[in-house]
Each structure stands twice: as structure tokens, then as C-alpha cells.
Amino acid sequence: MTDELVALLDGKEVGRVRRDAGGRIRFLYDDDWRWAADAYPLSLSMPLGAKEHGRAVTEAFLWGLLPDNERVLARWAAKFQVSARNVFALISHVGEDCAGAVQFVTPERLDAIRSDKDGNVEWLDEADIAKRLETLRRDHAAWRLPQDTGQFSLAGAQPKTALLLKNGRWGIPSGRLPTTHILKPPTGHLDGHAENEHICLMLARSLGLPAAQSRVMRFENEVAIVVERYDRQPKGDNIIRVHQEDACQALGIPPTRKYQNEGGPNAYDIVELLRTYSTDRETDIDTFIDALGFNWLIGGTDAHAKNYSLLVGSRHVRLAPLYDVASILPYEEFGPRKVKLAMKIGGEYKLSLVGLHQWQKFAREMRVDAEELIERLAAMAVMIPDEANVARTKAREEGLDAPIIDRLAEQLIARAAACRKSLAGA
């Protein structure tokens, strides 16, 4: 069993994760990388100024790369014959395609990764993808099939798979070649979640917020929301990994504490993170606060710290586009008076209790102009009815017919009207 993993950032060796005889792990930067002109940190919680970083931040970063899904972790643990609580062992088996530019590879795999310029791809036809989506829809832990060789790991609780799209063909890559798209089937327990997320991402973009590009696709009789990975960029015939980390990783906090009410980051923590590291701090702070406002407007109750990320490079740190955005409003069993936001606004979690006073208090806490913030929120509330109808029409034109589409649009329109009144002090 290996006691060392090599960390690569877009193919460049940057350091190693080492495990001692007692099972404790730490991360050590490679000196050549630390002093390179184009160097950037593996995580903002592990600055280049220190060569070695200890167990707490290293484990928090690694756990942040893995699914927040105990069934998936248990499935992987059984497949690889390791403990589901051993983050080092899990990453050693699935770390070759993670969020961001990072790959974790065993030393014996390093030469193969470096020499494999084009990577290997198991190409799939439409029937293959449909079968995978059907399997995943029925078994939320089946992120990969047992015979697959391509590795990938993504955070989050939803069932999903990651594939490569190249020259119009879908496939499962391995080695240096990364996945480019995330496919999420309907989850079953929340009817129409794929359509919900797709419409909310469309709505965010129409309101001027940076958000991941998505489309709903059908593969034979199966439907999935297909999200284009913003941490992958084409460069000629190649695909470049772009480094990113979520706010929990950047703050050195384990994903088990992603919610504020579980001791996780609050809005102020993320604003201060952006003030400290962003290379365009005012823009990023405004965007983050607008994103909080957008989630309040649409009833997006799962906007915890792991659903905000930063793009990290040698000369820039920027807030990443929004992702994993969805509304709770169309699900009657959750009713807006019952639900809570993932982060407090002006000291309040309950969606129904957040209004003008809470946003004004929030602005003072964040040290931003309250009047400007209220104006931006009100402007989004004014735009939502028309844009929700546009999104509904586009979804219909794409061939979607799930009942949630009309229900979501109507709820968004009603909610926007209520929020406009609240922001006006009515």
C-alpha cells in the first residue's frame, strides 16, 4: 500500500501527500514549484510560503474533493477494499480526475500519466449513456460502472457522472485526459430536479450573474441536466484543467461543516476571504452578495459554503461561476414558511422572515452600501417574472414537458412580487 501521493496541477508536479506510520497525513510542496514564477497554491489554506502543511488542512482539502454521499463512499470503499473513512486511501483510487486542476496519482502511475499525452478514452454511444443514466437514477451510488477504468471524483450529494465530450463524441477518459461535462439524472425524491436546476441556472445568467452553462439532454428515454465544467478549457486540440476550490477548502474547513448552522462558514467569512485574496475584490464581493440575494429571491436553500468556489491561478484568484442552484419553491411539502437558508441574512435563517430590515443589517455586517444592495435586489425581483417566463418558454422549446416547469415559473413570479413588497418596506 502506498504512503505517498503525487499532486499534479494541470500536469505539473507541485508536491506530495504523505502518510506516516500512524496514519496521519500532511502535504509538502515541491521546492521547485514553490519558487516557480507561475506557481500558485494547491489551496488558499495551504500558502506557498510554508513548505509543509499539517493534517487538518490537508484532510479538509482532500475530503472536499470527494462526494458528500455516504452510499457512494461506501461503494468505493468496498470496491477498493479500503475504509470509507480513510480519505488518503479513497483519493489514491479516484484522484486522477478531481474538481479543479489537481490530480493525485500514486508514484508508480506518475510516469504513465506524464507519457500518456493523449489519454485513453472508452467511447460511448447514446444507448450506453442512457443505460448509465438509468442505472444511476435507480442506484444513486452508481457514479461509475464496475468495469470502468476512468477515474473521477466530485463533491456534492446528488447522483451524477462525469464524461468527456470531444468532437461530438462522449466518452470515459483516463490518464491525463479530463472529463468536461457533469451529467445529473432526475433524483426521484425531488420531482424534476434536473429541470429545476437548469431553469435556475438560466435565470441566474439572465440576471447578469456568472453561472455554469447547462442544458437538458435526452439519451434515448433518459433525461439529464448536462453541465459544462468551467474548470476545463479547450486549448487547441487539448483540454486544460483550471484550478478551483470551494470556500470550505479555501478556509481549511471539512465538508461535514459546510452549513453555517453546523459550524461552517457564514457570509462574512466568505466576504473576508474575497477581500483578502480576490484579484478583483469589489466585483467578486458584489457578485457573491448578489448570489445570496438571488438564492433568497428564488428560494435556493442549499447555497452552503461548498456551493461557492474560487478559481485560483498564478496571477489571479476569482469567484467562480455559480453552480448547483435550485429552488425549493415548487415542492409544496417544504412550504416557504418552513424552509431555512443555508447562511443567515441579517441574523435570520428562515426564508419567510428575511426582508428589508435583515438585508439592511446584513449590509452593515458586510461593510457594503445598504442602499445600493437593496436597489440591486429590487432590480432582480423586477426582472424575475419576465425572465422566468422566458426560461419556461426555452425549456418547452427544448422539448421538456415536466409539470415542475410551469409550477416553478409560477412560484418564482409570485415569490418575486412578495420580495419586491418586502424590500419596499411593505
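**Note on the predicted model**

1. Val-121 lies in strand β6, residues 120–124. Helices (H or I, at least four residues) and strands (E, at least two) are DSSP runs, numbered from the N terminus. Val-121 is partly exposed, at 24% relative accessible area. Here buried means under 20%, exposed over 50%, and partly exposed in between (1.4 Å probe, protein chains only). Val-121 and Ile-172 sit 51 residues apart in sequence, yet their C-alpha atoms are 5.4 Å apart.

2. Basis of these points. This is a predicted model: local features need pLDDT of at least 70, side-chain atom pairs count only at pLDDT 80 or more, and totals for chains, interfaces and linings use all residues. Residues are numbered from 1 along each chain as its sequence is written, and side-chain values use heavy atoms, with hydrogens and water left out.

3. How many disulfides are there? The count is zero, with a disulfide taken as a pair of cysteine sulfur atoms within 2.5 Å. For Cys-200, the closest cysteine sulfur is in Cys-419, 13 Å away, so a bond is ruled out by distance. Cys-248 is in no disulfide either; the sulfur of Cys-98 is its nearest, at 17 Å.

4. Are these two cysteines, Cys-200 and Cys-248, buried or exposed? Cys-200 is buried, at 0% relative accessibility. Cys-248 is buried, at 1%.

5. Glu-126 belongs to helix α6, residues 126–138. Glu-126 is partly exposed, at 42% relative accessibility. On the surface, Glu-126 gathers with Asp-125, Asp-128 and Glu-220 in a patch of negative charge. Such patches take residues with over 30% relative accessible area and no salt bridge, like charges being joined within 9 Å. A salt bridge is a Lys or Arg side-chain nitrogen within 4 Å of an Asp or Glu carboxyl oxygen.

Conventions:
Patch = residues over 30% accessible without salt bridge, like charges linked within 9 Å, V, L, I, M, F, W, Y side chains within 5 Å. Areas by Shrake-Rupley, 256 points an atom, 1.4 Å probe, with all protein chains shown as cover. Lys, Arg positive; Asp, Glu negative; His and termini not counted. Charge placed at Lys NZ, Arg CZ, Asp CG, Glu CD.
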